[in-house]
Structure formats: structure tokens, C-alpha cells
Amino acid sequence: MSRARLRVSWGPDRHPHFLLTEKDAVSLDVFQDPGAKPDWWNPGTGLASLNTGPPGPTNETFDVPTGVPLRLQFALRPGPQGKPTAVGLEVVQLLRVSDKGTVTFDEFAVRRGRFVMKPQGGATLPGRRPVAEIPDVMEVQGGQHPLLETGPGASQLRISTDFVDITALWWDLHHRETSFADAEQGRWEFDPKYLDPACDGDPEGLRVLASTWGVPLLWFAAVPRSARGPLRAGTRVGGSVFFRPLHSAYAYDSATFTGIIDPRHRTEGMASLARYLLTGRSRGQERSISHYKGNHFASLLDREWLPPPAKGQELLPPSARMVNLPIGMERQLDLVARRTKDADPPAVRVLLLPWPGALGTSAAYTHALKPGLAAHAKRALALLWCTGAIGGPGQPLTTRAIAPPSAAGSSAPLTLDPLLWVGGYSRGGEAANLALAANAESVSRLISMDDPTVANHRKELVEAAAKARKAGRRLQVLLVKSPHTGGLPRALLDALTAAKADLVTLPDPAGFARFWARPPFTGPSWQRYLLSDWDARADAVAADVKSEREKAAKDRGHDDQYGVFQHVVAVVGGDVFKDEPQGAGSRGFVEQCFGPWP
């Protein structure tokens with residue numbers, strides 16, 4: 001029997017990422033005679049192949065027999081200081097190597113688990129802790145593992161480690177139980193709101209990913225509930241990268257494990273995550289969050305809150321009470337997924353939130369603004385499928401032109417959308433513009449939500465639209481704009497129209513001035529609802545609006561709070577409203593921007 005040398009790499013040899021070289025974190029073996037089907041994936045079977053020499057920092061070479069089944073078994077267990085934890089990436093592949101070094105793939109196996117919520121209670125806040133539930137038995141699929149690539153030479157394989165799933169590690173490092181007393185005083189080691197059942201978050205669909213290809217290190221992936229079960233045959237799974245502004249960001253280290261264990265993640269980080277993902281509590285729901293007080297309570301509502309005044313004090317005007325309200329991205333993106341998964345053709349999208357690692361746009365999002373973002377996003381989606389976060393049990397994923405043969409009993413295959421959506425809110429929109437400019441060939445939609453810099457990027461956006469046309473498609477642009485960030489950028493809109501981009505501006509330009517009129521309001525609208533605690537005090541609100549205008553006119557450093565309110569409405573609100581934000585007849589700007597093309 002002839003033999004060959006099989007080289008397997010899992011990262012660059014020069015300057016490899018710390019997660020790929022941590023002591024005891026990586027295990028790689030190639031076994032021959034892996035045992036009879038269907039349990040060929042069992043780690044207790046087979047004879048280990050010989051390593052032909054000292055391994056490199058991110059590669060090993062094995063002496064293997066040709067033409068016979070071999071089991072490649074790779075696992076990466078991230079953990080600080082040589083203390084590996086749960087598996088963050090795993091590749092198990094049945095393959096063969098020919099005499100000429102050609103690698104063929106028989107089957108691969110994945111361990112598709114899930115996160116379940118472990119209740120906590122008693123003296124602590126009624127909350128949950130996500131706990132990984134990993135099956136002992138692996139699912140077998142036909143063909144090539146989604147995270148395994150061939151080349152660049154014969155008998156060479158590359159494991160795609162662009163992202164590592166650190167969800168279990170994240171909760172192990174950062175979760176703390178919070179007492180009622182701490183909640184009442186807003187004093188805690190861990191901001192509990194996202195995990196609090198009363199706040200209706202979806203932590204079972206949240207994954208924390210660590211990037212090994214650059215800054216930022218941390219990314220959050222929010223998988224809609226509707227995408228976490230069986231999906232129709234041919235459902236296209238895509239990614240949406242959304243950049244948040246930096247006013248609430250904090251610098252953390254993206255070059256060492258310090259960036260993962262940074263204690264600010266469990267307070268400032270979890271608070272910001274809650275703001276973007278949670279949906280504000282309505283009047284009928286707010287009693288369930290009464291264990292929070294002051295601004296912590298106010299920041300969980302679906303409207304600005306007017307608390308009863310203390311004895312002897314006057315009621316505060318809206319300008320003194322405005323807080324950053326929840327944006328509700330989880331709920332709105334799931335509403336979209338419910339429609340698109342049953343559309344023709346079916347599709348779902350996963351929200352990818354890069355977590356800014358510094359305080360300037362370029363420094364915070366450095367490598368996400370460079371070419372290759374769509375390829376990295378596709379590998380993130382493949383990793384999420386491998387871990388069980390996307391699709392139903394046994395449902396195959398097609399990452400290549402030829403669909404893999406399905407194992408017995410498996411369901412309809414999914415496909416990955418090669419085109420990415422990018423978006424951002426406020427100055428996060430600047431990052432989205434830069435990411436689009438660097439990745440115009442692979443981005444199909446730009447979502448710009450009240451970006452004050454968007455008009456400055458006219459040249460890049462028009463060039464991106466031209467590249468899309470050259471590729472036989474039209475760039476989709478959804479632009480939400482308020483007077484606070486300069487109003488409608490007419491020159492940009494005209495240039496994008498001339499470049500044949502598909503363009504939607506929200507709210508409708510025909511009613512722009514009417515929509516953004518300041519209070520007091522005359523009819524039902526999202527803005528009126530947000531300030532509805534002051535409905536009976538229209539005169540006081542009118543006086544407050546006038547006072548804020550005068551202060552801003554006299555002092556250039558004063559932020560007119562009703563202008564800031566417009567900026568909040570541009571991401572929290574919408575122009576389709578009935579009764580309340582969660583009402584069946586309401587549709588927020590986020591839902592419209594991430595939904596089917598109008």
C-alpha cells in the first residue's frame with residue numbers, strides 16, 4: 001500500500017492568532033481504519049497516523065496510507081492560560097487521499113447542540129443562565145465539511161477558523177447572579193437585563209464569536225427563532241453585519257485573551273447588548289420589570305417615562321427625562337424571518353454585531369472595513385450551522401456549487417447567500433459605508449439609519465452601485481434620515497438614482513416634514529406614543545420644545561433634546577404605527593430595512 005503526506009493547517013504560520021496557538025487548546029489527529037459505519041466518527045476507534053515531523057504553530061503533517069478511509073479529527077477549545085473549556089470549533093471528516101495527492105470526501109459529522117436556560121431564583125433576580133446542551137451522538141452528512149477547504153497544494157487541507165464560538169466560555173467568564181437589592185439600586189457585577197425573562201430576550205439564539213482575522217475580536221450573532229428549526233428546501237441563509245455607533249463603546253484588547261475576559265463586558269457590554277436586542281416593555285408589560293428602578297427601569301420601556309414627582313417637586317418635562325430606549329432588533333428581525341422563510345424563494349438572515357474594540361471608527365472596526373468581509377461572514381454562518389444554531393436536525397447545508405449527498409433520514413438542504421448586507425446606526429453608518437466601499441462586489445444591501453456622514457460618502461456609494469450594475473444586479477439602499485443629522489441628502493439620492501441603485505428613503509420624502517414635526521402632536525404616531533406620558537400636558541411640552549430651541553440657538557454646545565429625540569426615533573420608531581409599537585399594525589424602521597424589498 002502506497003503512502004502520502006497529508007498536511008492540515010488551521011491558520012497562518014506567520015503571526016497566528018492567539019486563540020489558534022493557546023496551550024492545550026488545539027487537538028488534531030488523523031486516524032486510519034476508523035471503524036465500521038455508522039460510527040466511524042467515534043473518537044474511540046481507529047489507529048492514529050504518524051506525524052512526520054515537529055508541527056508548526058498552526059499546521060501538522062501526517063504520514064497516511066492512500067486509497068483507504070481516514071478520519072480527520074480537529075477540535076479547538078478556547079480558554080485562558082492553558083485552561084481549555086467547551087469546544088469552540090470542531091471538524092470531523094471521513095476522507096481518502098489518492099496516490100497523486102487528491103483528497104476526496106466521503107462524509108463529515110457535526111455535533112449540533114443548543115443552549116438551554118437554567119433558571120435562577122430564590123434570593124436572586126429571577127433570571128436565566130445559558131447552558132450548552134451538547135449531544136453525545138454526531139449527525140452525519142455526505143460530502144465535504146463546510147469548514148474544510150483543499151489546497152493550496154496536493155494533499156493539503158485548510159480548516160476555516162475565521163471565527164471561534166466562545167458562547168459557553170462567555171457565560172462561564174461573565175455571568176453573575178444578581179440580587180433584588182442590587183437590581184433596585186442598579187449596582188451589579190453583571191447587567192442582568194438581557195437574561196431576565198421579564199425583558200423577553202432570546203439568549204437561546206445568541207452566539208458569541210471570536211474573530212481570528214482581525215479587529216474587532218468580539219462579534220455577537222443573533223439567530224432569529226424562525227431560523228432555528230426546520231426550514232424549506234433551498235432556503236438561503238444570509239448575513240447582515242450591523243455597526244453600532246461608538247458613543248457607548250469601550251476600548252478592549254483584541255490581541256490577547258484579556259480582550260475576552262475584560263470585566264467591562266459583563267456590565268457596559270451586556271447593557272449595550274440589551275439596548276440593541278431587547279424590545280421595550282409596554283404599559284401592559286412594565287409591571288413585570290418593577291424590580292428595576294430609575295433609569296434602569298426607564299431604559300427598558302417602549303416609551304419615554306414620566307415618573308411621579310417627589311413631594312414638593314414639579315413634573316419634569318420630556319427634555320429632562322429622555323433615555324436611550326430599546327431598539328428591539330431581535331423581535332423585528334424574527335418578524336421578518338417569519339415572512340421570508342415561507343416566501344418564494346425562502347430566505348432567512350442572521351444579525352452579526354461586531355463589538356467595537358476602540359473609540360474611533362477605523363480603530364474600532366479595523367478589519368471589518370477591509371475586503372473579504374462577506375467571505376468571513378459566510379464562514380461565521382457555516383460555523384453557526386455546524387453548532388446547531390441554524391436549521392433543523394439533520395438538515396444539510398450547501399456551501400458549494402454542488403449540493404452534498406444527504407445522509408439517510410436527513411432533511412432538505414440549505415444554501416448560503418454569497419451576498420452580504422451591511423448597515424449601521426448613527427456614526428456606525430460611517431463604518432457601513434466604508435465596509436461597502438471595500439466589499440462592493442459582495443454586498444447587495446446598504447442599511448443606513450440616520451448616519452450624519454452618509455452624504456460625505458457619495459463617491460464610494462455611487463461606485464458601489466456601479467459595480468453592482470456591472471455584476472448584473474442593483475445595489476439596494478435603504479436610507480432612514482431625520483432633521484437631526486441634516487435631513488434628506490438630495491445630491492446623494494439623485495446620484496444613487498442616476499447610478500441605477502434601488503433606493504428607498506424612510507420616512508417617505510413626500511411626508512418628511514410632517515413626520516418629523518415636533519410636539520405637541522395632533523394624531524396617533526410612533527413619536528406621540530413615545531411621549532404619551534405627557535399627553536395631558538401639551539402646554540408644558542410646547543414650552544419645553546421652545547426652551548430647547550432657544551438654548552441650542554444661544555449655546556452651540558447644547559444638544560436640543562427634541563433633535564436627539566428625532567435621532568432616537570430613527571432607529572427605535574417607524575412610520576407604520578397602530579396603537580403601540582408591538583401592535584400587529586405597527587412596523588418599525590428596523591423591520592422595514594431588514595425585510596423583503598418593498
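Predicted model: local features only at pLDDT ≥ 70, side-chain atom pairs only at ≥ 80, totals over all residues.
Local features require pLDDT of at least 70 and side-chain atom pairs count only at pLDDT 80 or more, whereas totals for chains, interfaces and linings use all residues. Residues are numbered from 1 along each chain as its sequence is written, and side-chain values use heavy atoms, with hydrogens and water left out.

An open sheet is formed by 5 strands in the order β4-β5-β1-β13-β12, with mixed pairing. Strands are DSSP runs of E of at least two residues, and helices are runs of H or I of at least four, both numbered from the N terminus; two strands pair if DSSP finds at least two bridges between them. At the edges lie β4 (50-51) and β12 (148-150), each of which pairs on one side only. Strand β12 pairs with β13 (residues 156-159) in the antiparallel sense over 3 bridges, and R158 in β13 is the bridge partner of E149.

R281 is located in the loop between α4 (268-277) and α5 (294-298). The residue is buried (under 20% relative accessible area, with exposed over 50% and partly exposed in between; 1.4 Å probe, protein chains only). R281 has no salt bridge, defined as a side-chain nitrogen of Lys or Arg within 4 Å of a carboxyl oxygen of Asp or Glu. Beyond neighbours within four places in sequence, the contacts of R281 (heavy atoms within 4.5 Å) include C199, D200, E286, L301 and Q582.

R187 lies in the loop between α2 (180-185) and β15 (206-211). R187 counts as partly exposed because its relative accessibility is 48%. The C-alpha atoms of R187 and T267 are separated by 9.8 Å, the two residues being 80 residues apart along the chain.

Technical notes:
Lys, Arg positive; Asp, Glu negative; His and termini not counted.
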